[in-house]
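Biologist: I have the sequence and the coordinates open side by side. Could we walk through them together?

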Amino acid sequence: MLIQGSIHSPLIIPVRKCKDRTMTNELRFGIAGWGYWGPKIARNINSLPGTTVSMVADTDLHGLASLKIGQPGLRTTTDVSELFTSDI
């Protein structure tokens, strides 16, 4: 499932990751766009049982740096294509 983003809303990509040939129980998401809506959507995703935001893509380096400080385990990138090719 892919939730389409626009210039004013982030793109949300849910991905289930297989590790060691077993499916995890956690549904992980990547968010493209960390402007106004990105943090709000991430908060809602993270509040659901069995879900987490694992990666964020945005062009604002300062915003990504502050995000990384607040959530050290979160992967960040300025290249949205990394979100699509990542193993989140």
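Biologist: Where does Thr 77 lie?

Modeller: Thr 77 lies in strand E6, residues 75-77; strands are DSSP runs of E with at least two residues, helices are runs of H or I with at least four, and both are numbered from the N terminus. This is a predicted model, in which local features need pLDDT of at least 70 and side-chain atom pairs count only at pLDDT 80 or more, while totals for chains, interfaces and linings use all residues. Residues are numbered from 1 along each chain as its sequence is written, and side-chain values use heavy atoms, with hydrogens and water left out.

Biologist: Is Thr 77 buried or exposed?

Modeller: Thr 77 is buried, with a relative accessible area of 6%. Buried means under 20% relative accessible area, exposed over 50%, and partly exposed in between, with a 1.4 Å probe and protein chains only.

Biologist: Which residues does Thr 77 touch?

Modeller: Not counting residues up to four places away in sequence, Thr 77 touches Met 55, Val 56, Ala 57, Asp 58, Leu 64 and Glu 82. Contact here means heavy atoms within 4.5 Å.

Biologist: And what does the side chain of Thr 77 make a polar contact with?

Modeller: The partner is the side chain of Glu 82, at 3.1 Å. The Thr 77 side chain also reaches the backbone nitrogen of Asp 79 at 3.1 Å. A polar contact is a pair of N or O atoms within 3.5 Å; within protein, one must be able to donate a hydrogen and the other to accept it, and residues adjacent in sequence count only if both atoms are side-chain atoms.

Biologist: Let us change topic. Which residues make up the largest nonpolar core?

Modeller: That core has 11 residues: Phe 29, Ile 31, Trp 34, Ile 41, Ala 42, Ile 45, Val 53, Val 56, Leu 64, Leu 67 and Leu 74. At least two come from each of strand E4 (27-32), helix H1 (37-47), strand E5 (51-57) and helix H2 (61-70). H1 gives the largest share, 3 residues. Another core, of 5 residues, lies apart from it and includes Met 55, Ala 57, Leu 83 and Ile 88. A nonpolar core is a set of buried Ala, Val, Leu, Ile, Met, Phe, Trp, Tyr and Cys residues joined through side-chain atoms within 4.5 Å.

Biologist: Which residues of H1 are buried?

Modeller: In H1, Gly 38, Ile 41, Ala 42 and Ile 45 are buried. Seen down the axis of H1, the buried residues fall within an arc of 105°, so they line one face of the helix; the arc is that of the directions from the helix axis to the C-beta atoms. Arg 43 and Ser 47, on the other side of H1, are exposed.

Biologist: Where is Ile 88 found?

Modeller: Ile 88 is in the segment after helix H3 (80-85). At 2% relative accessibility, Ile 88 counts as buried.
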